[in-house]
Each structure stands twice: as structure tokens, then as C-alpha cells.
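Please keep the sequence and the structure open while reading.

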Amino acid sequence: MKVDTSKPLEYSTHENSNRIFGFWVFLGAEIALFATLFTVFFVLVNRFAEGPSGSELFEIGPVLIETFLLLTSSFTIGLAVHAMRHQYKRATLVFFGITLLMGLGFLGIEISEFVTYVHEGATLQTSAFLSSLFVLLGTHGAHVTFGFLWGSAIMIQLMREGINPATANKSFIFSLYWHFLDVVWIFIFSFVYLKGLM
Amino acid sequence: MNFDLEKFKVHGEPLIYGAMISIALVSIGIVVGLTVFKKWGWLWREWLTTVDHKRIGVMYILAALLMLFRGGIDALMMRLQTAAPEMKFLDAQHYNEVFTTHGLIMILFMAMPFIIGLMNVVVPLQIGARDVAFPRLNAVSFWLFFFGAMLLNISFVVGGSPDAGWSAYFPLASNQFSPTVGNNYYSLALQISGIGTLMTGVNFIVTILKMRAPGMKLMRMPMFTWSVLITNVIIVFAFPVLTVALALMMFDRLFGSQFFTMANGGMDMLWANLFWVWGHPEVYIVILPAFGIYSEIIATFSKKNLYGYTSMVASMLIISLLSFIVWAHHFYTMGQGVMVNGFFSISTMAIAVPTGVKIFNWLFTLRKGRISFTTPMLYSLAFIPIFTIGGVTGVMLAMASADYQYHNTMFLVAHFHYVLIPGAVFAVIAGFHYWFPKVFGFRLNERIGKHAFWWIIISFNVAFFPLFILGLMGMTRRMYTYSAETGFGPLNMISFAGALGLAIGFVILVYNIYWSTRYMPRDENGDPWDARTLEWATHSPIPEYNFAVVPKVKSRDAFWAMKHDKQPLFEEPITKIHMPSNTGKPFVLGVVFFFLGFFLVFSMWIPAIVAGVGVLIVLAAMSFERDHGFYIPADKVIKTEKKLGGGTV
């Protein structure tokens, strides 16, 4: 494995830079995936059947906290990568940990939101609008859940091995993934919640 | 959990019981055979754990050939059932299942894996690379495809096959109208293998863009590699749509959501749109690589460089863009209004233009060439007129107003077989004959190959041309029987005879593999056809590291330039070569995914959750693994090169 010291650690080998490029291509596929889900949502958004509409269901409070948590966590994962580039292992781990905890907080609020909706009689089975809402939010939530597990695995590897070309590469790719989830959330926040509340 | 053995049973017919028994016998035979000949270790070390792109390619092609016969038997049963009026061979339900699995298997588990198999074998060699960008991910792709295919294949003996057509239109595919688990299999089997295909797409885009030999600019790439690059870009943008569509189908069928229902706000047309937004580009995913294969073969056997290289690339790019904006031509008659039909009609017809450009480029490549009529070349030459018939009838169907007359008739069935069989099947067979000596070091027998060719070409036309006429006579597709007064009988009988001839052709083709393995001489050098591109610059069979020295490319058709213009390809000395090591984890991942899919099909939630956790555990195990591969020392490379003789050094 040839290590090129003129580049950041995560790009330092041929394999590493290929992995990062490959992940960008994969994110292209993820964009197509979420674009399809958004399209489905927009097609079905006014088909409430007997169930509640978005304006009856949504509350701005919890959604704002979710947004705050996710946007801040996108910032802290950036700090983690910054610390990683300076070889500060402790700081990298701390920022990584904060990121994942905020992700967990986001998930907690999202799950309690879902529970509230279901208690109000808004289930996956009620109407096409709710089916598409739950699947769109749920897919994003499943991505955050997977991100939490994935990020935890990377943290363990960082603790064990320290910052080397392999762990740096994984951490950087994880940060791309996490930023992407943030971008998707901004669309959900604007076009699902804010538009739904109007 | 209420465990009910009844739902696993398939009732009905002696045919299905016969299939069950033969599956059981073949499985026992394989297990006993492997044990008697002590081949389990060999199978595991050399094949199941391999990350070598050539071996993965061979496994893809083997699986595709098996599926060709599985789908072919479906086809024979269909043609037999309709061969005469009032046939009693299959009942309506069984007929529905047969035409559904025929379509699914032929497109997704035969044509695609065959093409991905050829991609795997050829592309890294054509660009002078040692492997694909992510060898382990490549193994993951294969095993997900393979176990997805297996999941669909067990459906007809465990629980029942999908029966709503390969396009699975709602509400027909909903629980209400399709109460067996068949369409659960559809959504999960396709989902699992689709994830594998998406990973292939990512892998090959990175491979082609980042792993090319020094000097191979984009516009110096062989045409097959170009077609593969464009195909994989389509895969990356089209497959996520299928992922979503199948997930929504699963939610509707397993969890009672309301996406495609007829009540509670659901919209059945949403399925048709999502399916064909993926489904139409899918047609080009199987046809563009075929165009690439023909370009290589026609150039090689005309002893000329490909005519109109730039326009070939440009037309493929235009086709790939257009492929995304024609999907609604699949349902002109479902009430979408004049403007929408007009738009999709025009964009569909526009595809004929770049395709025509390619046809003329092939003809100009042939012009004044020194043509040798080898088996792969015969398939390529037969492709041109047959595919043109398919294309012209396609333009007929593209006219929305005229389509009201013949949509959903046998005319359509004839059209897409006239496009897909020459466009995909002849291409992969041609490619198979063409690259076979590269992989195995000996040619397939030409005489037997030509016998198979004539059987296949003539029978194909006998089988499918009558369907054009039947369609114009008004015979609709997916009709399991008809009365004698319709007058459909004689032409259907001819078509059945053609189908039998096709089956004979394919059996001869496989016999050729057997015969050639036993008797063909092994004295080939690496370049039996006097070909033009880099894959022929290494030995046959190919050493595991592909090229002892990474080639330096200075022009198109670099290998030809080396042979005839004395342009050196290999200038560096031999050094140690880095290789990835084998791993069993992709295989295990495929197995776990298979069980996850199976339990979901039957709504067995607790085992499904266990299997889902299993998937995460295997992924974690892959993440924690630190395997940096190994080096083949330079002296060992030199020894191998000397043993293989000639060629590069």
C-alpha cells in the first residue's frame, strides 16, 4: 500500500481515494432514492381519505428540536474530521460521540412523534398521505439509525487503532453520509413540515 | 406466532410435483457428487470465497445460463399451452405464474447477469487494470444477485410464484387480487438482487473512471467499456427507483399501507409510473452493453477500426438520456391525455435516430472490410436486420394513436422479442463465443457453434414472426386459451414449432461447451482472433494478476497498434503485485439476506428480525476486518509468465 503523504490521510492511498469517489457515486444513487420518495409524497400529499391532514397532525416544536439536533450534529461531525486531520484522537472521538448522541436524540424525538401520530389515529394504514409520510420519514430515520450503528463501529475502530489511513478514510466517508442525511432533512423540514403546517 | 404449514404448500399439478422431485434429486446429486469427489474445500476456496473479477464473471455467466433454461422451459410451456385452441396443458393460474416468471427471469436473472458477467470478465482487462475498484464489493454484488435469484426460484415449489405479470400492475398485484405469497417473493427477491446490481453500478463507474491504464483517455477506451460505463450510470440512477417501488409494494402487501390501493387515497397508476421509470431504462441497461459487444466483434472480424467512434459514444449518451423520458409509452391507453401521450410519443420515436446512427456505423465498419464469418460474427451480422425489424415495429408502437389498436396484443410481444433477443441474447452469445478463449484458453468448436447459430436464428423467426400477424389479427397477450373460431390456431402452432427449434439450438450451444472442453486443442496464444483491444494482450487463460506489467496506452485499439505499428505496450520491468485476499463474508451475507427475504415473504416476523440482525453482524464483521491483501513476489510473476509463454514479456 503506497501512502502519499502530501494528501490528507483519508485520501492518502489509491484505494482510499477510490472509496471516497465511490461513495460520492453511491450518494448519487441515494439522491435518486430520496427524490423518488419525495415524488411519491408530493403525489399523495393531498389524499387524506378519512384520516388527518398534515396541518392537523404536525407540531412545530419537536420538529424544530429535531432540526436543531441534526444540523448541529452535521457541524460536530465536521469538527471531528477537522480534529482528525490534526491527529487529535481524543477530540475526534469526543466530536464523533457528540454527533452520534445528537443523532440518537433526533431518533428519540422522531419515534415519540410517530407514537403520538399513531395515538391520534394516524397510522400507516389510514391513508395514502400517511403511508407516504411514514415511509419518507421512516426511510430517513432508518438511515440515521444505520448511521448511528455504523458510526459506533467506526468509533470503536478509532479507539483501538488510532487515526490511520483506514480509520481516517472510514470517518471521512461517514461524515459525507451524515452531511447527506442533514441535507435530506432540510428538504423534509421545508417541504413536509413547513409546507404541511401552512 | 401462528405457524401454518399450509401456506408453504403449492397445490395442484403433476407438473409442479414433478419439478419438486427433480429439484430435490438434483440437489441431492450435487451434494453427493461434491462429497464423493471431495470437492467441498475446492469449491469454497476457489469459487465461493473468490474476489477475482474473472471468476465472479464466470459464476455470473453460469448462473445466467441456468436461468436461460429455467426461463426457456417457461416459454416452451406457454407456447405449448397456446399451440392449439382449447388446450388443457396448464390452467389459467399456472399460466399466469409461468408468463410472470418467464419475463422476470429472462430480463433480471438471465440477460442482466449475463451482461454483468461479461462486464466482469472483460472490462478490467480492456482498461489494463489488475481488478475492479472494489473486489470484495464485487463478490457481495454477485452473492446478492445469486441469492435473490434463488429466492425467486424456490417460489414455484414453496408458497407459489408471482402471477401478476412481470410488470406487476396494481391493483392486480395487491393482496386482494393476488392472494398467494407470489408477489411477496417478487418484491423481496428483486429487492435483494437489485441492491447487488446497484453495487455493481457504483463499482464499475469507479473502476472505469479511476483504474484505467496510463494513457487510456476516455476517448481511447474500447467501445464495450464505453457502453458499460454508460450502462452503469443508468443503473445508478434507475435502480433506486425500483428499490423504492418494491419497498412500497412490500409495505402495501405486508403491512397494509395505502400506496397503490383502490381506496383510502391510494393510486394504482403510481405503481405503473414508478415501475416504468425504472423499467424503461432497464431495457437500455441490457441493450447498450450489447451494442458495445457488437462493436468489438464487428471491428475485429472486419479487420478495421470501428467506423464513427465519436458518434457511437455520442449516440449511446443520447440514448441513455432519452431512456429516462419515455416511460409513459408503456401505458398510452390508461387515460393520461393528449399532451402527455404526445410528449412520450415523440421522445420515444427520437430514440430511433441515435440507434440508426449506430446501425449505419456498423454497416460502414463492414464496408471494404476483410470479413471472416466466425460464430460470434454470424450472430453480429444476424443481429442487424432482425433488430431493425424490432426497431421499426417499435416506432409503430411509439405512435400513441396507432398504439390504441395494437397495445397488449401479440404484436407487442413480437416487437419486444425482436428487440431483446437479437439486442441482448444474440449479443451475449456472441460475446460468450468471442471471449471464451480468453478466459479458458481454447475456442468453442466453430462447426457445432454454426449449427447452433442456424437453429437459433431460423427458429427465432419461426417462433416470433407469426406473433406480429396474430397481434394484428387481434390476439391479446397473456391469454391462456382461445376458441377454434378465432383462427389463431395454425400460426400459434408454427410459433410453438419455432420455440422447440430454439430450445434445440440452445441445447446444441451447451453441448458445444461440453464438446469443446473435452476435445478442442489448448494451443491458443492469448490472441486467437487477431483482435484489437487490450484484453487480448495478456495470456489465455488469464493469470490472476491480469497483466504482469501495467500497459501504457498511446492510441485507440492499443493492442492492434502494438502488433502492427510496433507501438510498445509493456515498458516497465516486472515488480511485485498487490492482490486482495479471498473472503467468505460476501457469501455469508448473501445466505443471510436469502433467509431475511424468505421469512419476510411469509410474514414470519421474529425469524425475520433475527436474520436482519444477522445482516448487520456480517456488515460489522466486514467493517472490523483488517486485511490488506498480499503481494505476489516479482520472481514468482516472472516464473508464471515464462510458464504461460509468449505474450507480454
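A crossing is left-handed if the near helix is turned anticlockwise from the far one by less than a right angle, and right-handed if clockwise. The model is predicted. By that rule, helix 5 of chain B passes helix 6 of chain B in a left-handed crossing.

**Helix 5 and helix 6 of chain B**

- Helix 5 of chain B covers residues 135–154 and helix 6 of chain B covers residues 182–210; their axes come within 8 Å and cross at roughly 160°.
- On the helix 5 side of chain B, the contact includes Leu137(B), Ser141(B), Leu144(B), Phe145(B) and Gly148(B).
- On the helix 6 side of chain B, the residues in contact include Tyr185(B), Ala189(B), Ile192(B), Gly196(B), Met199(B) and Phe204(B).
- The contact between helix 5 and helix 6 of chain B comprises 14 nonpolar, seven polar and no charged residues.
- Pro171(B) sits in the loop between helix 5 and helix 6 of chain B, and the peptide bond from Phe170(B) to Pro171(B) is cis, with omega near 0°.

**Helix 18 and helix 19 of chain B**

- Helix 18 (residues 585–601) and helix 19 (residues 605–624) of chain B pack with axes 8 Å apart, at an angle of about 160°.
- This angle makes helix 18 of chain B roughly antiparallel to helix 19 of chain B.
- Their crossing, helix 18 with helix 19 of chain B, is left-handed.
- Among the residues in contact are Leu589(B), Val592(B), Phe593(B) and Leu596(B) of helix 18 of chain B, and Ala608(B), Ala611(B), Val615(B) and Leu619(B) of helix 19 of chain B.
- By class, the contact of helix 18 with helix 19 of chain B has 18 nonpolar, two polar and one charged residues.

**Nonpolar cores**

- The largest nonpolar core has 278 residues, and Trp271(B) and Trp362(B) have the most contacts inside it.
- Helix 14 (residues 410–440) of chain B gives the most to this core, with 21 residues.
- Beyond its neighbours within four places in sequence, Trp362(B) is in contact with Phe291(B), Tyr294(B), Ser295(B), Ile298(B), Leu306(B), Met312(B), Phe383(B) and Ile384(B).
- Another core, of six residues, lies apart from the largest one; Met78(B), Leu90(B), Tyr95(B) and Phe99(B) are among its members.

- Leu27(A) belongs to helix 1 (residues 14–44) of chain A and is buried, with a relative accessible area of 4%.
- Not counting residues up to four places away in sequence, Leu27(A) touches Leu176(A) and Phe180(A).
- Leu27(A) and Leu176(A) are 149 residues apart along the chain, and their C-alpha atoms are separated by 8.8 Å.
- Thr374(B) is in the loop between helix 11 (352–366) and helix 12 (375–398) of chain B, and at 11% relative accessibility it counts as buried.
- With residues up to four places away in sequence left out, Thr374(B) touches Phe301(B), Glu446(B), Lys450(B) and Trp529(B).

**Backbone geometry between helix 16 and helix 17 of chain B**

- Most residues other than glycine have a negative phi, and most peptide bonds are trans.
- Pro541(B) lies in the loop between helix 16 (489–519) and helix 17 (558–564) of chain B, and the peptide bond from Ser540(B) to Pro541(B) is cis, with omega near -10°.
- Asp530(B), in the loop between helix 16 and helix 17 of chain B, has a positive phi of about 55° although it is not a glycine.
- Asp530(B) is partly exposed, with a relative accessible area of 26%.
- Asp557(B), in the loop between helix 16 and helix 17 of chain B, has a positive phi of about 45° and is not a glycine.

Notes. Residues are numbered from 1 along each chain as its sequence is written. Chains are lettered from A and ligands numbered from 1 in the order in which they are written. This is a predicted model: local features need pLDDT of at least 70, side-chain atom pairs count only at pLDDT 80 or more; totals for chains, interfaces and linings use all residues. Side-chain values use heavy atoms; hydrogens and water are left out. Axes are lines fitted to C-alpha atoms, for helices over the stretch in contact, and angles run from 0 to 180 degrees between N-to-C directions. Helices (H or I, at least four residues) and strands (E, at least two) are DSSP runs, numbered from the N terminus. Contact means heavy atoms within 4.5 Å. Ala, Val, Leu, Ile, Met, Phe, Trp, Tyr, Cys and Pro count as nonpolar, Asp, Glu, Lys and Arg as charged, and the others, Gly among them, as polar. Buried means under 20% relative accessible area, exposed over 50%, partly exposed in between (1.4 Å probe, protein chains only). A nonpolar core is a set of buried Ala, Val, Leu, Ile, Met, Phe, Trp, Tyr and Cys residues joined through side-chain atoms within 4.5 Å. Angles under 35 degrees count as roughly parallel, over 145 as roughly antiparallel, 65 to 115 as roughly perpendicular and the rest as oblique.
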